[in-house]
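Q: Could you take me through this structure one feature at a time, giving the general idea before the particular case?
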Amino acid sequence: MSKEKKMKLSLPTEELMGSGHLACQGCAATLAMRYVLKALGQKTALCIPACCWSVIDGPFPQSSLGVPIFHCAFETAASSASGLKAGLEMVGDTETTVVAWAGDGGTFDIGIQALSGAAERNEDIIYVCYDNEAYMNTGIQRSSATPYGAWTTTTPVRHFKNRPKKDLDAIMAAHRIPYQATANTSYPEDLYKKAKKAKDIKGTRFLHIYAPCPTGWKSRPEDSIKLGRMVVQNCIFPLYEVENGEKYTLNIRPREKKPVDDYFRLQGRFRHLRDEDLKFIQAEVDRNWERLLKLCEPKS
Amino acid sequence: MKKVIMGNHALSWGAQLGRAQVIAAYPITPQTQVVELLSEMCANKTLDAKFIKVESEHSAMAACIAASIAGARAFTATSSQGLTLMHELLHWASGGRNPVVMGNINRAMAPGWSIWTDQNDSLSQRDTGWIQFYCASNQEVLDTIIQAFRVSEAVMIPSMVVLDAFALSHTYEVVDIPDQEKVDAFLPRFNPPIRLTPSDPHAFGGLTSPEHYFELRYKLQKDMEKVPELVEETGREYEKMFGRYLGEVEDYRCDDAELIFVTSGTAGYTARVGVDQLRHEGVRAGNVRIRMFRPFPFEKVRMILSRARKVAVVDRNISYGHHGIFYQEVKSALYGGNHDVPVFGYITGLGGRDIMPETYKEIAQLTLAKQKPEEDITWIGVKR
C-alpha cells in the first residue's frame, strides 16, 4: 500500500494572472485578482479605473492578465462596466462576465455616484472593490474607507483620521442588489466561493475585498495574511453576505472574539494610538459587530 | 418620408436610422426630447439598442466609450453643463479612438442659469480631439448624424453634432426622413479592427510611458488631418444617394462678394437673409457658414475668403481674455497666406439674445465704414 498522500486542492490550478506584475511585496490586491479570476474564468472582461491595479497589471503594451481590460477613468468603473456589458451584448456576446475592479478611493469616494447609479439600475455586472483603506497608488492619502485612527500622508499623526470608515456595505444593501459579500484574501476558499456564486447571479453583484497593503499600512509584507485572519477574528471586518439587501448571512463567527489591540500593534499606521484611543476603537468595533449580528439573526 | 419634426427629434431619428446599438444619456434642458423619443424608439423596438439611463452625463459618456470598445455603435446627446461635465471623458473617447457620436444642443453656461443658446459649451471642448459639426436646419441635423457615424468610424475619432438651443432644438421643420434600407447601404455596420473581447485579450488604455504616448497623439492628429477630405467624399456620396450635399462649409453668394460674413449654426441661416437684403440695397455681401469646426476647414476657408475685400466674423461665443473664437480661427487660417484681407470680429447673441437679419445690416455698415478693424471685438447689441 502506498503511503503517498495527495494534498486536496481547494482552488483550481488554472492561473489567469502571470507572475510578472508590478505589485509591492505582500500586496493582497494581487491575491484578490488571482483568486477572483480563478472563480470567474477566462470569459471575463475587466474595467479598471485609476487605482493600484492600473499599475500592477503592467504598462502598455504588456499585461499580466489573461483577460481583456479596459483601463477607464477614475470615477467610471461602474458606468464603464455598464457600457461594456451593453456593448458586448449588442455584438452578440452574452456570456462574458463584466467586472468593475476598483480600489477603495474609486469606490467609496470618486466612483460612488456611478456605482450607485449602476446598482439602482441593477446592471448585470460584478463590482469588486479591493479595499486597502487609502489612496495607495498616489502615495497613501486618506479615503473615506480609511479607518478611525489611521495615519496617512494627509492625516498626519497629530491629526489622525477622526472619522470612522464609511459603511459602504450598508449603502450597497440599501440598493437592494441581488448579491453582495465581504471577503478577504486570507480566506481564499470563502473568497473563491463568493466570486463563483456572484458569477451565476444576474444583476449587480458587489464584492468588498479587504486587502492589506504593507506599503501604506507600514506593516511587514509577511504579515498580510496574518492581518487578514486577525481582522475577521477580532470582528473589525466580518465576512458576510447580503442577498437582495435583506438576507444577511454571517460566514465566519469567531469562536472567541479577539481584542483589536494585536491587530493595531502590527501596523505602523496606528503606532501613535494611545490605549484610550484603542479603547474607543474597541467600543466602536463592538457596536458594529452587535449591529451585524442582529442583521444576521434569522427572521421570524 | 417627409415629416414635420423638431430639431431634437431629428437627432433621435438620425440615431435610429444610423442603428445606434448602445445609447447612454441623461436628461438636460433643452435636449430632453432627444432621449424621450429614443426611449420610445427602443420601447417600440423600431430601434434595436440598449438604452442605459445613467445617473449623469459623465457616466453617459463613460458607458458610450466602453460600448464602443466592445465594438458597438454608441450614441448620446447632451447640452451645456452636461457637455462640460463630460469634458474629461471627451479626451478618453478621442484618445482611445472610440467613434462615439453625440448630439449637443448649444446652451449658454451658468451662472446665471441660462437655457438659451450660445456656443461656449461646445467651443470650450475645442481641443478634446472631437470632430465638431454645427447645423442650421433639422434636415441637416439628421443628415449630419448619419454621415458622422460613417466619418467617425472610418478614422476612429468621435463626432459631436451641434445645434442651437430652441432656435433649432425646438423648431419644427419639414424633414425628409430617408428609407432605412438606403441608409443601411450608405452606412454599413460598425466593424472595428480591434475590439475588447475575451477571445483575444488585450489591455486598452493602460499605463503608457513617454516611449509610446507621443506616437499615439501624433497618429490622432494625422487621422484628424484626413477628415476634411473624408467629409467632402462622404458628403458627395450622400448627395448621390439622398440628393442633399453637406460639406465642411456652406458658402452663399460668395462668388462676387466684397464683404463676406463668417457664421455658424442657425445664425448662419439668418445671415443668408441678411445677405439678400444687403444685395437688394446694392452691397455685394456673401456668407460662409462654417459647418465643420474641428478639424478646421483651412483650405476651404482660405479659398473662399481670399476673394473678399473684407471679412466680418460673427461670433456667438467668446474666449475671455482673447476674442471671438471663430474670429481667432479665421485669422489663424488666413495668416501667412498671400491675401491680406482685413478681418473684423463681432460678438453678439450671447445667452440666446436674438441675431436678426438687421444684425447683419448693422455689421455690414460698421465693416464697410472702416478700412481696417480698429479693435478685435466689436460688440453688437450689448447694453453698456
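Q: In which sense do strand β2 of chain A and β9(B) pair, and over how many bridges?

A: Two strands count as paired if DSSP finds at least two bridges between them, and the elements themselves are DSSP runs numbered from the N terminus, with helices (H or I) of at least four residues and strands (E) of at least two. In this predicted model, local features need pLDDT of at least 70 and side-chain atom pairs count only at pLDDT 80 or more, while totals for chains, interfaces and linings use all residues. Residues are numbered from 1 along each chain as its sequence is written, and chains are lettered from A and ligands numbered from 1 in the order in which they are written. Here, strand β2 of chain A (residues 69–71) and β9(B) pair in the parallel sense over 2 bridges, and A:F70 has B:F204 in β9(B) as its bridge partner.

Q: How many residues does each chain give to the contact between chain B and chain A?

A: Two residues are in contact if their C-beta atoms, placed from the backbone, lie within 7 Å. By that rule, 38 residues of chain B meet 39 residues of chain A. On the chain B side, the elements that give two or more residues are β2 (22–24), β3 (50–52), α3, α5 and β9 (203–204) of chain B, and α3(B) supplies the largest share, 10 residues. Sorted by class, this side of chain B has 21 nonpolar, 13 polar and 4 charged residues, where Ala, Val, Leu, Ile, Met, Phe, Trp, Tyr, Cys and Pro count as nonpolar, Asp, Glu, Lys and Arg as charged, and the others, Gly among them, as polar.

Q: At what angle do α3 and α5 of chain B pack?

A: Two packed helices are described by the angle between their axes and the distance between the axes. The axes are lines fitted to C-alpha atoms, for helices over the stretch in contact, and angles run from 0 to 180 degrees between N-to-C directions. Helix α3 (residues 57–69) and helix α5 (residues 87–95) of chain B pack at about 10°, with their axes 9 Å apart. α3(B) and α5(B) are therefore roughly parallel to each other, a term used for angles under 35 degrees. In this contact, B:H58, B:M61, B:A62 and B:I65 of α3(B) meet B:L89, B:W92 and B:A93 of α5(B), which by class gives 6 nonpolar, 1 polar and no charged residues.

Conventions. Angles under 35 degrees count as roughly parallel, over 145 as roughly antiparallel, 65 to 115 as roughly perpendicular and the rest as oblique.
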